Amino acid sequence: RSFIIRSGKVLRACMAMAAMHTILLRASSSLNTYSIHHRKAALKTTSITLASRLFSSSCRSSNNDPREDQRLLAISKIPILQNIIIQGQQEHNSDAKNQQQRVPITKTNIPPHIAARVLQEKKLHLQKHHPLNIIKSKIETYFTERYDSSFQIHDNFMPIVSTADNFDSLLIKEDHVSRSKSDTYYVDDETVLRTHTSAHQLALLKDTAAVGYDDNAEGGNSSCSHAFLCTGDVYRRDEIDRSHYPIFHQMEGVRMFKSGDDKKSVHEVEMDLKDALEGMTKVLFGDVEMRWVDAYFPFTNPSAELEIYFEGEWLEVLGCGVIEKEIVKAAGRGDQPGWAFGLGLERLAMVLFSIPDIRLFWSTDPRFHEQFTSEEIVKFQPYSKYPPCLKDISFWTTPDFHPNDLNESIKEIAGDLVERVELIDEFTHPKTQRVSNCFRITYRSMDRSLTNEEIDALQEKVRLCATEKLSLELR
């Protein structure tokens, strides 16, 4: 009976998406040029692919499966993202008729170019021969071999999650800065684009706990009971430079000890964690000097960061710790001990492959991708170095101004042509106490030379957006 009910909901969702799909295709002609390819791909594949994915997941036995709730929540929010894309297209279209027919959307801070990336099928960590996939595969192989294939692999969860999963389940306080709309993309008041793959931790712990995590107990299943690796795209509003991008990829690793190991000390769990991660680091970086630095994370205690001495400097590799008891109990696992770690794939790939700019991971240029067909870690060979084009914008700030709002607007206008946005001057008027900021925008394409005419046109759009959208007074 529950299967029939779920199937009926999914079929209705498919029908609704089919209708939305038609609307999206009609609107696709008004996409701005820099993002036309990936947005069209998102519009064409979203309705059918995501609906079929949900339908296939509902065909599985999902009794007591907490992951099903996450899937259903994510699929229910897809129309909001589709409407964001439609409205973005209408804003780029000067047709008055289209302006009058804008689609009302839920209050959100997700721009159209991010919504399109969420819905498109291009998942970098799943593309064979991609640097991110190469590192992902090496880490997965290491853990499955070390622990006799007891690690489950998860790499295709949808990135739309509840605030409860993204924050509350990880003991992140209500006033934590990561919850602010200047840092996180909100689909609506209770749903976000995940800021870390840890957003799936509690659901996975509950899921395996329901199956049975004791190998010796009746119904126990050692293949899915103790450990997992979860990889996916995560989203954060951030600064713009060569090492930051609003979308990047994380891997979460968790190992829970067996029921008979309840009495393991925190120190023993911590030592097992550190030994495992030092072994993983040697697989990636070779025999390098390592050091552990005490850290703080709301969801682990004790917590630490692993740093390595690589090419003349200390580099942070990952964060980790012993999972907080409150999280373990919330998962229905009593006092079962366990550890967790998290790492950024781009951070590691940029160091290991000597990739100088994070935007290159999104490149479709074969000169980039053909360098990594060996599935081995090789040094990236730059194939071009095009000159930058610098433009400044100065304005009086407002009390609620945040640099990430400006960054987001510039990214929406110029896409990956923006290499960096930096504050180069700040001035406070001695009489009025008004604050003036001057930001320098560095435009540079990864595969062609830019003309002054096209950059002037983009810069004019940035200035217009600053006044009309951000309510800033230009200087």
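Ala340 is buried, with a relative accessible area of 7% (buried means under 20%, exposed over 50% and partly exposed in between, with a 1.4 Å probe and protein chains only). Welcome to this predicted model, in which local features need pLDDT of at least 70, side-chain atom pairs count only at pLDDT 80 or more, and totals for chains, interfaces and linings use all residues. Residues are numbered from 1 along each chain as its sequence is written, and side-chain values use heavy atoms, leaving out hydrogens and water.

**View A. Ala340 lies in strand 10 (residues 338–344).** Strands (E, at least two residues) and helices (H or I, at least four) are DSSP runs numbered from the N terminus. Val254 is 86 residues from Ala340 in sequence, yet their C-alpha atoms are 4.3 Å apart. Beyond its neighbours within four places in sequence, Ala340 has contacts that include Leu273, Cys320 and Ile323 (contact means heavy atoms within 4.5 Å).

**View B. Ile393 sits in strand 11 (residues 389–396).** Ile393 counts as buried because its relative accessibility is 0%. Arg475 is 82 residues away from Ile393 in sequence and 8.1 Å away in space, C-alpha to C-alpha. Leaving aside neighbours within four places in sequence, Ile393 is in contact with residues including Phe439, Val462 and Leu474.

**View C. Helix 7 (residues 131–146) packs with helix 10 (residues 266–285) at an angle of about 135°, their axes 10 Å apart.** Here, Ile135, Tyr142 and Phe143 of helix 7 are among the residues making the contact, as are Ala276, Met280 and Leu284 of helix 10.

Technical notes: Axes are lines fitted to C-alpha atoms, for helices over the stretch in contact, and angles run from 0 to 180 degrees between N-to-C directions.
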